[in-house]
Amino acid sequence: MNLETKKDVATVEFQGKTYTTDLLVGSEGEVGLDMRDFRNQTGAICLDPGFGNTGSCTSAITFLDGEKGLIRHRGYKLQDLADNCNYLEVAYLLMLGELPTPYQYRQFLGKIHENNFLGPSLQELLNHYPTQSHPMAVLASVVLSLTGFYSDLGVDKFYELDLDVVRLLTKTPLIAAHNYRRKRGMKYIPPDNNLGYAENFLYSMFGRSVSPERRKIMAKALEKLLIIHADHEQNCSTSTVRVISSSNANVYAAVGGGIGALWGPLHGGANEAVINMLEYINMQGGDLEAVIKRAKDKNDEFRLMGFGHRVYKTYDPRAHIAKKVVDELLEDLGVEEPLVDIAMKLEKIAIEDDYFVSRNLYPNVDFYTGTAYKAMGIPKEMFTVLFAMGRMAGWLAHLLEFRADESRRISRPRQIYTGVTARDFVPMTER
Ligand code: CMC
């Protein structure tokens with residue numbers, strides 16, 4: 001681990017006491033104060049709602065520089081990975097630390113292929129969901145249910161972790177595709193191991209209704225989109241996976257919780273919300289100023305979806321890649337998507353508007369991805385499922401890293417109590 005500890009370099013003066021602590025320096029020069037013993041020594045806690053200023057762990061998976069708009073996985077630039085790798089290679093890199101050699105890749109792919117099926121009882125389970133269920137609800141709960149298929153009584157089997165990882169990578173797209181087809185009264189299509197990861201998903205979803213030529217074009221774009229979603233260090237859903245894992249809950253419980261966290265519109269659910277917003281603008285005749293005005297109005301809960309980020313204070317580098325993927329996809333498919341024009345105009349107005357400039361609000365990864373999915377004919381209620389498919393690699397990488405971390409403890413934040421102080425109990429008859 002590349003963590004430098006500078007002993008006793010920072011002091012905090014507090015109620016006449018001095019708390020002296022170490023400075024921790026990461027491999028990219030990021031610094032943090034070790035506050036683990038702060039409460040023991042001073043009696044005070046650090047209050048940080050939303051954890052904007054709290055480091056929950058050290059991690060060697062992904063480095064972000066929010067000021068410069070940089071993202072690197074295990075040292076490799078995201079752009080290089082998106083240009084040169086497929087999703088499974090990136091998943092391997094995130095989880096195991098190195099890009100696979102040809103031999104390692106063949107071994108990994110072999111395991112993926114062996115587990116690339118939905119058993120009859122899993123299909124039966126999927127057949128019982130109400131057809132109107134949101135695909136994220138189905139995905140989260142079926143992933144959690146995998147505990148029942150693969151773990152003893154919900155108690156984790158650490159020794160099967162490798163297999164659990166492969167199962168999650170293979171079952172997730174199949175669960176999503178099964179659900180898509182069943183909702184439309186169509187039969188499940190088993191995957192074809194001659195196809196790549198993204199192409200197999202498209203095949204399981206659309207079957208022969210999409211020609212192999214078109215499917216290849218879509219798969220090329222989808223592999224890149226899965227890669228740009230693959231990891232983003234301690235985001236809300238990844239932190240959720242780590243928090244759930246910290247109680248030694250099993251892998252499926254942890255990832256099921258992560259899917260739930262991702263679903264929210266402030267996180268992965270933003271891709272669906274962006275398309276709803278763009279469609280609304282289109283329906284209203286393209287009144288962009290009205291939307292910008294609403295987003296700036298403090299009395300209105302509406303936010304410009306696909307804009308802003310906790311870490312990035314500049315353009316999200318993933319949004320650049322996503323926009324390029326959209327442009328190439330539309331050209332290769334020979335289709336036009338009017339929502340892309342609306343999105344570009346909206347972006348132009350927002351990034352020149354003082355409200356957004358002064359708050360460093362720029363397009364994030366979700367601003368353009370939905371337009372790509374829409375061009376592929378994927379229904380918008382499935383957009384966040386595609387985010388989950390990509391992020392699966394990151395969740396699993398963090399879970400593996402967390403399990404191997406000797407300093408791990410159960411996640412258990414504190415609070416400052418603001419409720420009623422002690423009072424006498426009053427029997428119901430006297431209330
Ligand atoms: N539209 C309008 N105002 C915004 C927006 C937005 N999209 N985002 C932030 N602001 C304002 C916010 O009102 C606040 O203003 P003020 O300082 O006057 O109170 C200021 O900017 C700072 O916002 P914040 O809520 O403190 O920032 P945060 O770091 O807590 O939230 C965010 C980050 C992503 C939740 C937020 O920017 C947002 O709600 N964006 C829209 C939803 C979205 O696109 N989410 C996808 C994020 S990227 C995918 C992923 O999750 O990885």
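**Note on a predicted protein chain**

1. I378 touches L202, M205, F206, Y373, F383 and L386, leaving out residues up to four places away in sequence; contact here means heavy atoms within 4.5 Å. I378 sits in the loop between helix 17 and helix 18 (383-404). Helices (H or I, at least four residues) and strands (E, at least two) are DSSP runs, numbered from the N terminus. With a relative accessibility of 3%, I378 counts as buried; buried means under 20% relative accessible area, exposed over 50%, and partly exposed in between (1.4 Å probe, protein chains only). I378 and Y180 are 198 residues apart in sequence, while their C-alpha atoms are 9.4 Å apart in space.

2. On the basis of the model: it is predicted, local features need pLDDT of at least 70, side-chain atom pairs count only at pLDDT 80 or more, and totals for chains, interfaces and linings use all residues. Residues are numbered from 1 along each chain as its sequence is written, and side-chain values use heavy atoms, with hydrogens and water left out.

3. The protein chain has 18 helices and six strands. Its radius of gyration is 23 Å, close to the 22 Å that the globule rule gives for 431 residues, so the chain is as compact as a globular protein of that length. The radius is taken over C-alpha atoms, and the rule is 2.2 Å times the number of residues to the power 0.38. Along the principal axes, the C-alpha atoms fill a box of roughly 75 × 65 × 55 Å.

4. How much of the protein chain is buried? Buried residues make up 50% of the 431 residues. Of the contacts between residues at least 6 apart in sequence, 70% join residues at least 24 apart. The accessible surface of the protein chain is about 21900 Å², and 52% of it belongs to carbon and sulfur atoms. These areas come from the Shrake-Rupley method with a 1.4 Å probe; for residues, only the protein chains shown count as cover.

5. On charge, the protein chain carries 49 positive and 54 negative side chains, and the centres of the two sets lie 3 Å apart. Lys and Arg count as positive and Asp and Glu as negative, while His and the chain ends are not counted. Each charge is placed at NZ of Lys, CZ of Arg, CG of Asp or CD of Glu.

6. Most residues other than glycine have a negative phi. R74 is not a glycine, yet has a positive phi of about 50°. R74 lies in the loop between strand 5 (70-73) and strand 6 (76-77) and is partly exposed, at 24% relative accessibility. N360 also has a positive phi, near 55°. The place of N360 is the loop between helix 16 (354-358) and helix 17 (366-375), and N360 is partly exposed with a relative accessible area of 29%.

7. A search of the whole structure finds 11 aromatic pairs. Rings of Phe, Tyr and Trp (its six-membered ring) pair if their centres lie within 6.5 Å; planes under 30 degrees apart count as stacked, over 60 as edge-to-face and the rest as tilted. The ring centres of Y150 and Y252 are 6.2 Å apart and the planes are at 35°, so this pair is tilted. Y150 belongs to helix 6 (residues 135-150) and Y252 to helix 11 (residues 251-263), so the pair ties together parts that are 102 residues apart in sequence. Y150 is buried at 18% relative accessible area, and Y252 is buried at 0%.

8. F307 and F367 have ring centres 5.3 Å apart and planes at 85°, so the pair is edge-to-face. F307 is in the loop between helix 13 (288-296) and helix 14 (317-333) and F367 is in helix 17, which places the two 60 residues apart. F307 is buried with a relative accessible area of 11%, and F367 is buried with 1%. Ring pairs link F307, Y355, F356, F367 and Y368 into a cluster.

9. Which residues does T238 contact, leaving aside its neighbours within four places in sequence? They are D231, E233, R391, W395 and H398. T238 is in helix 10 (residues 236-245) and is buried, with a relative accessible area of 0%.

10. Y188 lies in the loop between helix 7 (161-183) and helix 8 (197-206). Neighbours within four places aside, Y188 is in contact with F117, L118, Q123, L174, H178 and R181. Y188 and V311 are 123 residues apart in sequence and 40 Å apart in space, C-alpha to C-alpha.
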